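I opened this structure for the first time today. These are my notes, in the order I looked things up.

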Amino acid sequence: MKDLRGRVAVVTGAASGIGLALATRFADEGMKVVLADVEPDALERASNELAGGGADVIAVPTDVRDIDAVQALADRAIDAFGAVHLVCNNAGVETGGSFLEIPYRAWQWVMDVNFYGVLNGCRVFLPLLETQDEGHIVNTASVAAFASGTSTMTPYCASKSAILGMSECLAIELDSAGSSVGVSLLAPGPVKTKMTDAERNLPPGVPPASEPHRVALMEELKAKADAVGLEPSAVAGMVVDAVRDQQFYILPHAEMAFAGVQRRLRWMTTGELPGVRTAGT
Ligand SMILES: NC(=O)c1ccc[n+]([C@@H]2O[C@H](COP(=O)([O-])OP(=O)(O)OC[C@H]3O[C@@H](n4cnc5c(N)ncnc54)[C@H](O)[C@@H]3O)[C@@H](O)[C@H]2O)c1
């Protein structure tokens, strides 16, 4: 999709961080944008800000865990703009801990938002995209998809690996069928967002992770993202380039992704277990 002007984008997790930067950049490119998020107040603020700058946007409160809500999001997008060309399945969350300390419902929350949220977006929007002459899906994973073993982040690593596997299969299947729809996988390392505060959206009854080593790691990760993390706007620019150039992998921290793949390959070829990854590795 070379020309974005006048096209319609849907972004989930659009009220904050990378999603808000994507929505902002798409509006700057002249796209009509549908913002979806589970935080209604932040969503309204984001939408008002973009609309105040002259963008053609609508905001649709959406919980991506619920496929009926994602279908309603698609229906609203079609009602408002008549088509959808680009879908960013970007909403994501994180909680964790030592393996047996992680409540089962915390696992379900992470998998429901990160994996099933992305799956729901693909299932609902793919038929709509295929009615256009050009369409594109961007699924947000993480370098955690390539580099398992980050201390206390097991559900997150599992969910992002699942997005990687699904997106690779979908891209290959669509391409081999001659589909007009392209797929990209966004897999960043540290970005300056509110991700280390993802537990703000924990479902009722699921406690935030509280083991001291886990809390310390989150503080370390936040400090690292604040110090050396990319600006979300830089990531959004890479997404626009990848959509235009039909690139599957969007790797804002390519060296971290490559190191993760090499670590796994070394493990497979030598049989030696790698060490635990921490915020600095
Ligand atoms: N920030 C990083 O360093 C980093 C690194 C790698 C990958 N990512 C991924 O980037 C994506 C965006 O996260 P971010 O870093 O911008 O964090 P963020 O917390 O700033 O934004 C995430 C947004 O997702 C929304 N959200 C949460 N649950 C939702 C649900 N059920 N339905 C709809 N929206 C929901 C939140 O309300 C929030 O607005 C996530 O998938 C995250 O895993 C982030």
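**Ground rules.** I am reading a predicted model, where local features need pLDDT of at least 70, side-chain atom pairs count only at pLDDT 80 or more, and totals for chains, interfaces and linings use all residues. Residues are numbered from 1 along each chain as its sequence is written, and side-chain values use heavy atoms, with hydrogens and water left out.

**The sheet.** I began with the strands (DSSP runs of E, at least two residues, numbered from the N terminus). I found an open sheet of 7 strands with parallel pairing, in the order β3-β2-β1-β4-β5-β6-β7. Which strands stand at the edges? They are β3 and β7; each has a single partner strand, so one side of each lacks a neighbour in the sheet. Pairing here requires at least two DSSP bridges between two strands.

I then followed β2, residues 32-37. Strand β1 (residues 8-12) runs parallel to β2, and 5 bridges join them. In that pair, Val 10 stands opposite Val 34. To β3 (residues 57-61), β2 is also joined by 5 bridges, again in parallel. Here Val 34 stands opposite Ile 58.

I looked up the helices too (DSSP runs of H or I, at least four residues). Helix α2, residues 40-52, makes a right-handed β-α-β unit with β2 and β3. Right-handed means that, with the strands pointing away from the viewer, the path from the first strand over the helix to the second runs clockwise.

**The ligand.** I turned to the ligand next. How many residues surround the ligand? I noted 30, and the closest are Ser 16, Ile 18, Asp 37, Tyr 156 and Thr 193. A residue counts as near if one of its heavy atoms lies within 4 Å. Helices α1 (17-28) and α5 (154-176) each supply at least two residues of this shell. By class, the shell has 13 nonpolar, 11 polar and 6 charged residues; Gly counts among the polar ones.

I checked polar contacts (pairs of N or O atoms within 3.5 Å). A ligand oxygen is 2.6 Å from a side-chain N or O atom of Asp 37. A ligand oxygen is 3.0 Å from a side-chain N or O atom of Arg 200. A ligand nitrogen is 3.4 Å from a polar backbone atom of Thr 62. The protein covers 96% of the 830 Å² of accessible area that the ligand has on its own (Shrake-Rupley method, 1.4 Å probe).

**Positive phi.** Most residues other than glycine have a negative phi. I looked for exceptions. Thr 152 has a positive phi of about 70° and lies in the loop between β5 (135-140) and α5. Gln 246 has a phi near 55° and lies in the loop between α7 (232-245) and β7 (249-250).

Are these residues buried, partly exposed or exposed? I use under 20% relative accessible area for buried, over 50% for exposed, and partly exposed in between. Thr 152 is buried at 6%. Gln 246 is partly exposed at 45%.

**Two last stops.** Gly 205 lies in the loop between β6 (181-186) and α6 (212-228). At 74% relative accessibility, Gly 205 is exposed. Gly 205 and Ala 106 are 99 residues apart in sequence and 9.7 Å apart in space, C-alpha to C-alpha.

Asn 120 lies in helix α4, residues 104-129. Asn 120 is buried because its relative accessibility is 7%. A polar atom of the Asn 120 side chain lies 3.4 Å from the backbone oxygen of Arg 65.

Conventions: A polar contact is a pair of N or O atoms within 3.5 Å; within protein, one must be able to donate a hydrogen and the other to accept it, and residues adjacent in sequence count only if both atoms are side-chain atoms. Buried means under 20% relative accessible area, exposed over 50%, partly exposed in between (1.4 Å probe, protein chains only).
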